[in-house]
Amino acid sequence: MVLQVQEGLLTTSSPRILVATAVPVERDAVAQALTGPMWDVLAVGVGPAAAAAATATALAGTRGTPYDLVVSAGIGGGFQPEAPVGSLVIADEITVADLGAETADGFLPVTELGFGTVTHRPPAALVRALATATGARAGTVLTVSTVTGTAARATELRARHPRALAEAMEGFGVAEAAVAHGIPVLELRAVSNPVGPRDRAAWRIGDALAALTEGFGKCAPVLESWEQV
């Protein structure tokens, strides 16, 4: 809930929230669960660069009432067995997994090279409230520019990020844009496939999109009454 002053009176209003998905089918799945002017749902493109650019453009283009929260949302791969297909994952850490350098001793994140950041942390109390409301598991959601397609790569990612529950391609880009505008960010993913060898027969995109709609239906009451501290 956002506090406003109008004509000398202290009033309350719902927060304004931007939900950023990669593609229109995810946008439509989210939008099915939401009503009212507080929500804007936008397909921002695939990958962290497109997501960051489109989200930043949307945030910069607001007039009158700015956004209070940005949510990166969609389907993604789940690390097994913690995040089974059809489950929901909410990020308590949004981490870019492949921004850095390969060395003879292994991968170095960009922070160890002396630059930038690799992790954004959503508001902890809000993550807990949404995990309770939706049944989502909270943990690290990785952003990758290349989707994992082998067991070896999945094992490598889990070794570097033992709390990782899911991977997708947009969360860190959305978070970079939100943080640049001083706005808190969340990431919610419905698991459509296991992280590892690409087996399209095992993908359950329809089930994941349905879980995404159901999850946002449960998120909405929490977010509508959320008060940023």
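Ile17 stands opposite Leu69 in β5. The model is predicted. The structure holds one cavity of 30 Å³ or more. Its largest pocket has a volume of about 470 Å³.

**Strand β5 and its pairing**

- Strand β3 (residues 17-21) runs parallel to β5, and four bridges link the two.
- β12 also pairs with β5 in the parallel sense, over nine bridges.
- Strand β11 (residues 164-168) is antiparallel to β5, with two bridges between them.
- Gly78 has a bridge partner in β12, Pro194.
- Gly78 also stands opposite Ala166 in β11.
- Gly74 is another residue of strand β5.
- Gly74 counts as buried because its relative accessible area is 0%, and the cut-off for buried is under 20%.
- Gly74 and Gly173 are 99 residues apart in sequence, yet their C-alpha atoms are 14 Å apart in space.

**The largest pocket**

- The volume of the largest pocket is about 470 Å³.
- Its lining counts 25 residues.
- Ile75, Gly76, Val147, Ser192 and Asn193 lie nearest the centre of this pocket.
- By class, the lining of the largest pocket has 14 nonpolar, six polar and five charged residues.

**The second largest pocket**

- The second largest pocket holds about 150 Å³ of space.
- Residues from several parts of the sequence line this pocket, including Pro48, Ala52, Val96, Asp98, Leu99, Gly116 and Thr117.
- Thr143, Ser145, Phe172, Gly173 and Glu176 are also among the lining residues of the second largest pocket.
- α2 (48-60) and α5 each supply at least two residues of this lining.
- The largest share comes from α5, with three residues.
- The lining of the second largest pocket divides into five nonpolar, five polar and two charged residues.

**Helix α5**

- Helix α5 spans residues 171-180 and is mostly covered, with seven of its 10 residues buried.
- The buried residues of α5 are Gly171, Phe172, Gly173, Val174, Ala175, Ala177 and Ala178.
- Phe172 and Gly173 are buried in α5 and also line the second largest pocket.
- Just after α5, Gly182 takes a positive phi of about 70°.

**The cavity**

- What is the volume of the largest cavity? About 40 Å³ of space lies in it.
- Its lining is made up of Val71, Ile90, Leu130, Leu186, Leu188, Phe216, Cys219 and Leu223.
- β12 (185-194) and α6 (205-224) are the elements that give two or more residues to this lining.
- α6 gives the most, with three residues.
- The lining of the largest cavity divides into eight nonpolar, no polar and no charged residues.

**Rings and charges**

- The structure holds zero aromatic pairs.
- Arg16 lies over the face of Tyr67, at 4.2 Å from the ring centre.

**Arg128**

- Arg128 has its place in helix α3 (residues 124-134).
- Is Arg128 buried or exposed? Arg128 is exposed, because its relative accessible area is 54% and the cut-off for exposed is over 50%.
- Arg128 and Asp92 are 36 residues apart in sequence, and their C-alpha atoms are 8.8 Å apart in space.

**Points to hold on to**

- α5 supplies the largest share of the lining of the second largest pocket, and seven of the 10 residues of α5 are buried.

Note on methods:
Residues are numbered from 1 along each chain as its sequence is written. This is a predicted model: local features need pLDDT of at least 70, side-chain atom pairs count only at pLDDT 80 or more; totals for chains, interfaces and linings use all residues. Side-chain values use heavy atoms; hydrogens and water are left out. Buried means under 20% relative accessible area, exposed over 50%, partly exposed in between (1.4 Å probe, protein chains only). On a 1 Å grid over the protein atoms alone, a cavity is a set of points where a 1.4 Å probe fits but cannot get out, and a pocket is an open set with protein on both sides within 12 Å along at least five of seven lines; lining residues have an atom within 4 Å of a point. Grid points are joined across faces, edges and corners, and a volume is the space filled by probe spheres set on the points. Ala, Val, Leu, Ile, Met, Phe, Trp, Tyr, Cys and Pro count as nonpolar, Asp, Glu, Lys and Arg as charged, and the others, Gly among them, as polar. Two strands pair if DSSP finds at least two bridges between them. Rings of Phe, Tyr and Trp (its six-membered ring) pair if their centres lie within 6.5 Å; planes under 30 degrees apart count as stacked, over 60 as edge-to-face and the rest as tilted. A charge sits over a ring if NZ of Lys or CZ of Arg is within 6 Å of the ring centre and within 35 degrees of the ring normal.
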